[in-house]
Amino acid sequence: MDINGTTRVCGLIGNPVAHSISPVIHNRLAGLRGDNLVYATFKVEAGNVAEAVKGAYALDILGLNVTVPHKQAVIDELVDIDELAAAIGAVNTLVRTEGGFKGYNTDILGLDRELSDVGISLEDKCVVIIGAGGAARAIAFLCAGKKASEIYIMNRTLEKAQNIADAVNEYAKKDIAKAAGISECGSFDKKDYIVIQTTSVGLHPHDDETAVTADEFYENAAAGVDIIYNPYETMFMKLMKKHGKPAYNGLKMLLYQGVAAYELWNDCKISSDMADIIYEDMKKELGISE
Ligand code: ATR
């Protein structure tokens with residue numbers, strides 16, 4: 001593409017940013033659509049977020065993604081915030097508006113779109129979230145927003161799961177979320193639940209590990225999503241499939257968080273054919289062949 005006097009700039013702030021796949025997603029989307037837009041990464045140290053956001057606005061930057069460790073700190077620098085992102089307390093996308101940036105959480109829009117892509121609806125379903133970190137918190141809010149009937153947050157450290165359950169129940173204005181210890185999964189007495197695996201257990205190079213080992217837990221599940229995408233098939237997914245249950249990785253979540261950000265910045269809709277092309281590019285970039 002030609003970079004010229006009217007090229008718009010988007011980018012990623014975080015630390016580290018060097019290995020991000022976001023430039024592949026956005027620059028390829030711009031190329032496919034013929035948009036005069038370029039996406040770059042900006043390493044921003046902790047403590048410099050306010051200057052970075054103000055500077056980006058002053059420089060007429062169209063939009064930013066935000067990654068670790070700034071997803072919470074950036075909230076103080078916004079002029080507006082999407083309701084779900086505010087409830088979650090984490091923002092990964094800034095959209096240029098009159099007077100400053102508005103914050104969104106497209107990580108969660110990404111998972112939402114992956115779920116509908118693979119035909120999983122959360123409505124009236126029991127959902128089990130494994131883990132209680134930042135990703136689990138965001139996903140628990142999505143489940144509440146999508147009207148899951150019950151949300152179990154299972155974590156090694158019970159207190160962290162309880163904190164998320166409390167926050168979700170306050171948001172939903174009813175007691176739909178419950179905390180449980182991960183060691184209880186073998187005796188979990190529900191059936192046909194959707195499992196969303198959010199812990200770092202099983203991430204490459206620990207491909208053979210999983211936070212949940214009990215066969216009974218897999219046997220009684222309906223379907224599972226692991227937000228890990230490296231390895232492409234995690235041990236969690238293998239165990240789900242061993243028990244005859246469909247299982248999906250997190251690569252589409254990653255794809256669609258980018259697609260959703262691109263749509264917000266450019267006020268457009270990315271077709272599923274275009275998203276498929278980007279998905280194949282991402283696999284190539286990550287060295288995934290299957
Ligand atoms: P993120 O913000 O990306 O979701 P995080 O905040 O680092 O990640 O959270 C990691 C999650 O993986 C936590 O739920 C953590 O459990 P604890 O809260 O008990 O620390 C979970 N986790 C990490 N290693 C684990 C292990 N070996 N067994 C079980 N859970 C583990």
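A residue counts as buried when its relative accessible area is under 20% and as exposed when that value is over 50%. Asn155, at 8% relative accessibility, is therefore a buried residue. The structure discussed here is a predicted model, and every value below was computed from it.

Asn155 is part of strand E8, which covers residues 150–155. The side chain of Asn155 comes to 3.0 Å from the backbone oxygen of Thr157. When residues up to four places away in sequence are set aside, Asn155 touches Gly131, Ala132, Lys160, Ala161, Ala180, Gly181 and Ile182.

Which atoms of the protein lie at 2.8 Å and at 2.5 Å from an oxygen atom of the ligand? At 2.8 Å it is a backbone N or O atom of Ala132, and at 2.5 Å it is a polar side-chain atom of Thr157. A polar backbone atom of Ala135 is 3.0 Å from an oxygen atom of the ligand. On its own the ligand has 650 Å² of accessible area, and the protein covers 62% of it.

Val195 lies in strand E10, which spans residues 193–197, and its relative accessible area of 0% makes it buried. Although Val195 and Gly224 are 29 residues apart along the chain, their C-alpha atoms are separated by 4.6 Å. Beyond the residues up to four places away in sequence, Val195 touches Val128, Ile130, Phe217, Ala221, Ala223, Gly224, Val225 and Phe236.

Ala223, one of the residues that Val195 touches, is found in strand E11, residues 221–226. With a relative accessible area of 6%, Ala223 is buried. The residues that Ala223 touches, again without those up to four places away in sequence, are Ile120, Tyr193, Ile194, Val195, Met240 and Pro246. Ala223 and Ala30, by comparison, are 193 residues apart in sequence, and their C-alpha atoms are 35 Å apart in space.

## His243 and its polar partner

His243 is placed in the loop between helix H8 (235–242) and strand E12 (247–248). Leaving aside neighbours within four places in sequence, the residues in contact with His243 are Asp215, Tyr218 and Glu219.

## Cysteines

A search of the whole structure finds 0 disulfides. A disulfide is a covalent bond between the sulfur atoms of two cysteines. For Cys185, the nearest cysteine sulfur is that of Cys126, 14 Å away, and Cys185 is in no disulfide; the criterion is a pair of cysteine sulfur atoms within 2.5 Å. Cys185 counts as buried, at 6% relative accessibility. Cys268 is likewise in no disulfide, and the nearest cysteine sulfur to it, that of Cys10, is 11 Å away. Cys268 is buried, with a relative accessible area of 17%.

## Backbone geometry in loops

| Residue | Feature | Value |
|---|---|---|
| Asn15 to Pro16 | cis peptide bond | omega about 5° |
| His204 to Pro205 | cis peptide bond | omega near 10° |
| Lys147 | positive phi, not a glycine | phi about 65° |
| Asp192 | positive phi, not a glycine | phi near 55° |

Where in the chain is Pro16 placed? Pro16 is in the loop that runs between strand E1 (8–14) and helix H1 (22–33), whereas Pro205 is in the loop between E10 and helix H7 (215–219).

Lys147 sits in the loop between helix H5 (134–145) and E8, the strand that holds Asn155. Its relative accessible area of 54% makes Lys147 exposed. Asp192 is found in the loop between strand E9 (177–181) and E10, the strand that contains Val195. Asp192 is exposed as well, with a relative accessible area of 53%.

Notes. Residues numbered from 1 in each chain as written. Predicted model: local features only at pLDDT ≥ 70, side-chain atom pairs only at ≥ 80, totals over all residues. Heavy atoms only, no water. Polar contact = N/O pair within 3.5 Å; in protein donor to acceptor, adjacent residues only side chain to side chain. Areas by Shrake-Rupley, 256 points an atom, 1.4 Å probe, with all protein chains shown as cover. Buried < 20%, exposed > 50% of the residue type's maximum accessible area, 1.4 Å probe, protein only. Helix = DSSP H or I, 4+ residues; strand = E, 2+ residues; numbered from the N terminus. Contact = heavy atoms within 4.5 Å.
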